Each structure stands twice: as C-alpha cells, then as structure tokens.
Amino acid sequence: MTTVAFDGETLAADKQATIGYRKIVEPTPKIREITYNGKKALVGIAGNIDFAWKIVKWLEDGEDEPDFDEPEFDEDEQNTCVMLIQDGVFLFNSAGMNQNFGKIKWAIGSGAEYAMGAMEMGATATEAVELAMRLDIFSGMGMDVLRVEE
C-alpha cells in the first residue's frame, strides 16, 4: 500500500510500491497534478496502482465512468482509493465518487492512521508521511510533495 496525506495545503506521498510482501525496487510516484472539470487538481493514489490510475484517467479525460462491475475489477480494487484535491477533498474508489468532505486533513493507504494521528497533533502532511514511513512497512523510499495553489 502506501501513505498519501493532505493537510489543507500540501499533498505528500511516499514512493514505495509493493506486490504482496515484495518491494518494487524503483520509486513509484503516487501523486500528481491533473485537470478536472477544467480546473487544476491534485490527486493521490493508494492500493492497486493500475486500477487507481484508471480512475485518475477517467477523472482527467471527463469520459463516462468506467464499468466497475467488469471482471477485470476484482477484490483488490475494493482497497484502492484516489484522493482528489480541488475545492475540498473527494474520494473515489470502485463505488465511484464519494461526497466532498470539504477542506479537511485526510490520509489514505496503509499508513493513513499514522499520518492522521500526526496531523491531528499539528504535523504537516510532509511530517505525517515521514512518520508513516518510519512505522508502516508498506511505506518508504522517499517522498513526493505537491502544494495547492490558491
């Protein structure tokens, strides 16, 4: 899995990817900037990377929602989440779009509980991901950081 954290200003994510209990040797980016509904947005992914990037592509292209009932979307996708930052925090998964949670601090992935706890104690998203990388075996290999531009 991973750790992706947002503190209201900054989106941060570790770069470790795993297949089962094996680390992928190369760092894997999990956050990026996209255009959504004609405006800049930030996205972060956790879970099945291929499935998550399909959701991001759907968001970016503005095409019809993918058919999440197709056989290619198995139980692994139920643990996949895409966090979209644009005028609030939106979460997408195999069920489609969830509600806008507003401008809140949020984290996804296997290290989310560590990151949320850190941010509740005043840590930035960057500091929260650093803590998660120390404690969560599925997070590590450095970090990418993006800032929301007003």
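Analyst: To begin with a definition, two strands pair if DSSP finds at least two bridges between them. Helices (H or I, at least four residues) and strands (E, at least two) are DSSP runs, numbered from the N terminus. The model is predicted, so that local features need pLDDT of at least 70 and side-chain atom pairs count only at pLDDT 80 or more, while totals for chains, interfaces and linings use all residues. Residues are numbered from 1 along each chain as its sequence is written, and side-chain values use heavy atoms, with hydrogens and water left out.

User: What is the bridge partner of Ala 13 in β11?

Analyst: Strand β2 is joined to β11 by five bridges, and the two run antiparallel. On β11, the residue that partners Ala 13 is Asp 144.

User: Which residue in the hairpin of β1 and β2 takes a positive phi?

Analyst: Strand β1 (residues 4–6) and β2 are antiparallel and pair over three bridges. Here Ala 5 stands opposite Ala 12 of β2. The hairpin has three residues between the strands, and a positive phi near 105° is taken by Gly 8.

User: How many residues of strand β2 are buried?

Analyst: A residue is buried under 20% relative accessible area, exposed over 50% and partly exposed in between (1.4 Å probe, protein chains only). Both faces of β2 are covered, with Thr 10, Ala 12 and Asp 14 buried on one side and Leu 11 and Ala 13 buried on the other. For strand β2 (residues 10–14), the number of buried residues is five of five.

User: Is the aromatic pair of Trp 58 and Phe 92 stacked or edge-to-face?

Analyst: Rings of Phe, Tyr and Trp (its six-membered ring) pair if their centres lie within 6.5 Å; planes under 30 degrees apart count as stacked, over 60 as edge-to-face and the rest as tilted. The structure holds three aromatic pairs. In this one, Trp 58 lies in helix α1 (residues 49–61) and Phe 92 in strand β8 (residues 89–93), 34 residues apart. The centres are 5.9 Å apart and the planes stand at 85°, which makes the pair edge-to-face.

User: Why is the pair of Tyr 21 and Phe 138 given its class?

Analyst: Tyr 21 is in the loop between β3 (18–19) and β4 (22–23), and Phe 138 is in the loop between α3 (125–135) and β11 (143–147), 117 residues apart. The ring centres are 5.8 Å apart and the planes of Tyr 21 and Phe 138 lie at 45°, so the class is tilted.

User: Which residues form a network of salt bridges with Glu 33?

Analyst: A salt bridge is a side-chain nitrogen of Lys or Arg within 4 Å of a carboxyl oxygen of Asp or Glu. The structure holds eight salt bridges. Among them, Glu 33 meets Lys 40 at 3.3 Å, N to O. The residues linked with Glu 33 in the network are Lys 40 and Glu 149.

User: Where does Asp 87 lie?

Analyst: Asp 87 is not a glycine, yet its phi is positive, at about 55°. The side chain of Asp 87 forms a salt bridge with that of Lys 39 (2.4 Å, N to O). Lys 39 is in strand β6, 48 residues from Asp 87. The place of Asp 87 is the loop between β7 and β8.

User: Which strand gives the most to the lining of the second largest pocket?

Analyst: The residues nearest the centre of this second largest pocket include Asp 87 and Glu 149, and 15 residues line the pocket. A pocket, on a 1 Å grid over the protein atoms alone, is an open set of points where a 1.4 Å probe fits, with protein on both sides within 12 Å along at least five of seven lines; lining residues have an atom within 4 Å of a point. With four residues, the strand that gives the most to the lining is β6 (residues 39–46).
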